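Thanks for coming. I have one structure to go through today, and I will keep to what can be read from its coordinates. Please have the viewer open.

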Amino acid sequence: MGKIAIVTDSTADLPPEIIEKYNISIVPLKVLFGNKEYKDGIDIGPDEFYEKLEKSNTLPTTSQPSPGDFIKVYRSLLEQYTEIISIHLSSNLSSTVNVARLAGKDFKDRIHVFDSKSISLGIGLLATEAAKSVQEGLRINEVLEKIKSVRKNSEVLFTLDTLEYLSKGGRIGKVSGLLGSVLNIKPIVRVNEEGIYTPYAK
């Protein structure tokens, strides 16, 4: 039976102990503050990100890894593994999945790119379940079917402590942002079946 490696990206927000326990490889996205670029989870962590966010006059932006970033990880893993399952941020929110697929073409049918249709620990859950399934000895098709089922039967909801950055980013109007802050309204957002943010409640 071939050995299967699990890859995900830094938006999965997996803690280091889970990454180490299940031997999951992480491809970092890039965070840009002005002209300064950081590799998410390597050059900058959550605490430093929020510290910079509070001090920055402009909102940071993000960009997906390059094909070369994926190729480097895939090539290294395929020296030890037969196949790779690569699980990434929703294709409706980022081009990361498409870039991974492009990079995977260099390795014929050995790379199986999976659209999580989710964010954050929604992706992390899929990567962890895939890694557990590999450790249990499931074959590649069985692992893929397992995470399809997990994706179908799970959903992500999150709340925002402040509407300031939604307002600054143009996601909501300035008046709505101000009223939300004054009234201490916190929106609950759901990631739907297509992997897109939708309002859920307040």
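Predicted model: local features only at pLDDT ≥ 70, side-chain atom pairs only at ≥ 80, totals over all residues.

The protein chain has 8 helices and 10 strands. It runs to 202 residues, and 40% of them count as buried. For contacts with a separation of 6 or more, 68% are between residues 24 or more positions apart.

First, the parallel sheet. Which order do its 4 strands take? The order is β2-β1-β6-β7, and the sheet is open. At the edges are β2, residues 24–27, and β7, residues 111–115; each has a single partner strand, so one side of each has no neighbour in the sheet. On average, neighbouring strands here are turned by 25 degrees against each other, with direction ignored.

Look at β1 and β2. They run parallel and are joined by 4 bridges. Isoleucine 6 has isoleucine 24 in β2 as its bridge partner, and threonine 8 stands opposite isoleucine 26 in β2. To get from β1 to β2 the chain passes through helix α1, residues 16–22, and this β-α-β crossover is right-handed.

Helix α4, residues 96–104, lies across β1, β6 and β7 and runs at about 170 degrees to β7. Helix α6 also packs on the sheet and touches β1, β6 and β7, but its direction makes about 5 degrees with that of β7.

Next, the antiparallel sheet. This one is open too, with 3 strands in the order β4-β3-β5. Its edge strands are β4, at 36–39, and β5, at 61–63, each pairing on one side only. From one strand to the next, the twist averages 30 degrees. Strand β3, residues 30–33, pairs with β4 over 4 bridges in the antiparallel sense. Within that part of the sheet, valine 31 stands opposite tyrosine 38 in β4.

Now the cores. Which residues touch the most other members of the largest nonpolar core? They are Ile6, Ile24, Ile85, Ile87 and Ile147, in a core of 24 residues. The elements giving two or more residues to this core are β1 (4–9), β6 (83–88), α5 (120–135) and α6 (140–152).

Last, helix α5. It has 16 residues and spans 23 Å from its first C-alpha to its last, close to the 22 Å expected at 1.5 Å a residue. As a reminder, an α-helix has 3.6 residues a turn, so residues three or four places apart point the same way. Just after the helix, glycine 137 takes a positive phi of about 95 degrees.

That is the end of the tour.

Methods. Residues numbered from 1 in each chain as written. Heavy atoms only, no water. Pairing = 2+ DSSP bridges. Axes fitted to C-alpha atoms, helices over the stretch in contact; angles between N-to-C directions. Core = buried A, V, L, I, M, F, W, Y, C linked by side-chain atoms within 4.5 Å. Buried < 20%, exposed > 50% of the residue type's maximum accessible area, 1.4 Å probe, protein only. Contact = heavy atoms within 4.5 Å. Expected span 1.5 Å × (residues − 1). Right-handed = clockwise from strand over helix to strand, strands pointing away.
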